[in-house]
Amino acid sequence: MPALTGCIGASNAVNDLLENHGIPGGLTLACLDGGTYTKLVVEVDYEAGYKPETSSTNMLVERLEQVCDKPNGVELKFEETTFDHEGSWSAQDVRDEAWDTKSQEPRDGSVLTWQFIFPSNTYSDDNVLGVAVDASTVAIFGDSVDDAAGFFNRPSAEEVENSVLVHEAGHLLGLVNLVYTSPANHEDSENKGHSNNEDSVMYWAIESRSVGTFISGDLPTEFDQDDLDDLTGLANGSIPSTDQLWRS
Ligand SMILES: [Zn+2]
């Protein structure tokens, strides 16, 4: 089994203390609750040649609309950019470059902004396709996504990308057990922060370059019932949450 420790970047204690960027899941309630942050913007910052497929970003919006109460909608904001970075990426590199390119603070008035960056090159562990590094920031590594396509293009790179975007958004939503403890036993015992159900988009293999060899047939692109029940419980308070940068 590949090591998948890269998918959720360890938090940087100093950074979190001084700047309070939070951990993945730290803005879960801000997303699920519609009272204060009435709109969610997903900022998509990509290097030339690394713009995600329309099917991926549209699916991301659809999944977020499904679980987050956003009366003023979920919007995409695309920007081509050049990251001041060479070589492979560490979680800290992602934090530094992403925060340099954020067009606004994650919480600004009634708008919540999450950022997905699409840089060239790979993560330090090139088996990792995507990583959530703090409460509002995700990186997806397009070269590794392309390499993850299966034999005869099953799954295709586009299908892998579709699933990885939703998977990383799931981490920003706190899945699985990142900022709470699920009453259901669906966290994979070997791969913390992930689902043990291969029909969930939060299944642990989704972020791995060898995903095509672990899942036969179609890749999951949806949260399963346990994931959805966790989010419902977090939203209505029946499941206590930790590490929140905001709560109502
Ligand atoms: Zn993951």
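Helices (H or I, at least four residues) and strands (E, at least two) are taken here as DSSP runs, numbered from the N terminus. Residues are numbered from 1 along each chain as its sequence is written. The model is predicted, and local features need pLDDT of at least 70, side-chain atom pairs count only at pLDDT 80 or more, and totals for chains, interfaces and linings use all residues.

The pLDDT, the predictor's confidence in each residue from 0 to 100, averages 92 over the chain, with 92% of the residues scoring at least 70. Residues 1-5, however, have a pLDDT below 50, and this stretch has eight contacts in the model beyond near neighbours in sequence; two residues are in contact if their C-beta atoms, placed from the backbone, lie within 7 Å. Where pLDDT is low, the predicted coordinates should not be read in detail.

Gly-34 lies in the loop that runs between α2 (28-32) and β1 (39-46). Apart from neighbours within four places in sequence, Gly-34 contacts Asp-69, Lys-70 and Pro-71, and its C-alpha is 9.9 Å from that of Ala-235, a residue 201 places away in sequence.

Helix α3 (residues 54-67) and helix α6 (residues 157-172) have axes that come within 9 Å and cross at roughly 35 degrees, where axes are lines fitted to C-alpha atoms, for helices over the stretch in contact, and angles run from 0 to 180 degrees between N-to-C directions. At this crossing, Ser-55, Ser-56, Met-59, Leu-60, Arg-63 and Leu-64 of α3 meet Glu-158, Glu-161, Asn-162, Leu-165, Val-166 and Ala-169 of α6.
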